[in-house]
Amino acid sequence: MKSPIDSLTPEQISRKARVVAIVTALALGFGYVSDLLTPVSSGIGAFFLTCSILLAAPRQRATELLGAVAVWLCFAEFLSTVESGDFQIWRLSVAVSTLGVAMAVLRVQHLRTLMRTSPETVVADLDRRTVCGIGVLPRSDARLAELRNEEAPNF
């Protein structure tokens, strides 16, 4: 028996996820402003929004998307507080905690990928960033070549 999902392409899934993400964000926004959301329903909505937005923007970093969802949830809670005059810390806590669970799953998946591709390499050598005084910057080509025990590229 052939499933309808078998005929979908990743691009079609991404397009449909964009629509679902927008509809979910609007529904959550309405639920926050009308004060219809309970902590449990806000957590479920945050999880649904997280999954759909991760599918909707596959080329964007997951951490950036989850950060955007967290900002959006805080803004929606702020709008709800302005509308009703009552700040519901538990509802916001459950929604943001849901994002934390999603982030934990993403990090575990990343570690699983590292275990498959580079099982004998030290994790610090797999990190492609370096910390400087300003923030986190990508490592230079010379530093990456040094880590790989290669000759540095000449430009």
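Modeller: Pro-39 is a residue of helix H2, where helices (H or I, at least four residues) and strands (E, at least two) are DSSP runs numbered from the N terminus. The model is predicted, so local features need pLDDT of at least 70 and side-chain atom pairs count only at pLDDT 80 or more, while totals for chains, interfaces and linings use all residues. Residues are numbered from 1 along each chain as its sequence is written, and side-chain values use heavy atoms, with hydrogens and water left out.

With a relative accessibility of 31%, Pro-39 counts as partly exposed; buried means under 20% relative accessible area, exposed over 50%, and partly exposed in between (1.4 Å probe, protein chains only). Apart from its neighbours within four places in sequence, Pro-39 is in contact (heavy atoms within 4.5 Å) with Trp-90, Arg-91 and Val-94. Gln-88 lies 49 residues from Pro-39 along the chain, yet their C-alpha atoms are separated by 8.6 Å.

The loop between H1 and H2 contains Asp-35. Although Asp-35 is not a glycine, its phi is positive, at about 60°. Asp-35 is partly exposed, at 32% relative accessibility.

Not counting residues up to four places away in sequence, Tyr-32 touches Leu-37, Ser-42, Trp-72, Leu-73, Ala-76, Glu-77, Ser-80, Arg-91 and Ala-95. Beyond its neighbours up to four places away, Glu-77 touches Tyr-32, Phe-87, Gln-88, Arg-91 and Leu-92. Ile-89, by contrast, lies in helix H4 and is partly exposed, with a relative accessible area of 45%. Ile-89 and Glu-77 are 12 residues apart along the chain, and 8.8 Å separates their C-alpha atoms.

Two packed helices are described by the angle between their axes and the distance between the axes. The axes of H3 (residues 62-84) and H4 (residues 89-117) come within 10 Å and cross at roughly 175°. That angle makes H3 roughly antiparallel to H4. The axes are lines fitted to C-alpha atoms, for helices over the stretch in contact, with angles running from 0 to 180 degrees between N-to-C directions. Angles under 35 degrees count as roughly parallel, over 145 as roughly antiparallel, 65 to 115 as roughly perpendicular and the rest as oblique.

On the H3 side, the residues making this contact include Leu-66, Val-69, Leu-73 and Glu-77, and on the H4 side they include Arg-91, Leu-92, Ala-95 and Leu-99. By class, the contact has 12 nonpolar, two polar and three charged residues. Here Ala, Val, Leu, Ile, Met, Phe, Trp, Tyr, Cys and Pro count as nonpolar, Asp, Glu, Lys and Arg as charged, and the others, Gly among them, as polar.

Val-69, in helix H3, is buried, with a relative accessible area of 3%. Leaving out residues up to four places away in sequence, Val-69 touches Leu-49, Thr-50, Ile-53 and Leu-99. Ala-25 is 44 residues from Val-69 in sequence and 9.2 Å from it in space, C-alpha to C-alpha.

Val-69 and Tyr-32 both belong to the largest nonpolar core, which has 12 residues, among them Leu-37, Leu-49, Leu-66, Leu-73, Ala-95 and Leu-99. Two or more residues of this core come from each of helix H1 (10-33), helix H2 (39-56), H3 and H4, and H3 gives the most, with four residues. A nonpolar core is a set of buried Ala, Val, Leu, Ile, Met, Phe, Trp, Tyr and Cys residues joined through side-chain atoms within 4.5 Å.

Helix H1 also holds Ser-14, which is buried at 4% relative accessibility. Its contacts, neighbours within four places aside, are with Leu-55, Ala-56 and Pro-58.

As for the whole, the protein chain has six helices and two strands, in the order α-α-α-α-α-β-β-α along the sequence. Of its 155 residues, 24% count as buried. Among contacts in the chain with a separation of 6 or more, 53% come from residues 24 or more positions apart. The chain exposes about 11000 Å², of which carbon and sulfur atoms supply 65%; accessible areas come from the Shrake-Rupley method with a 1.4 Å probe, and for residues only the protein chains shown count as cover.
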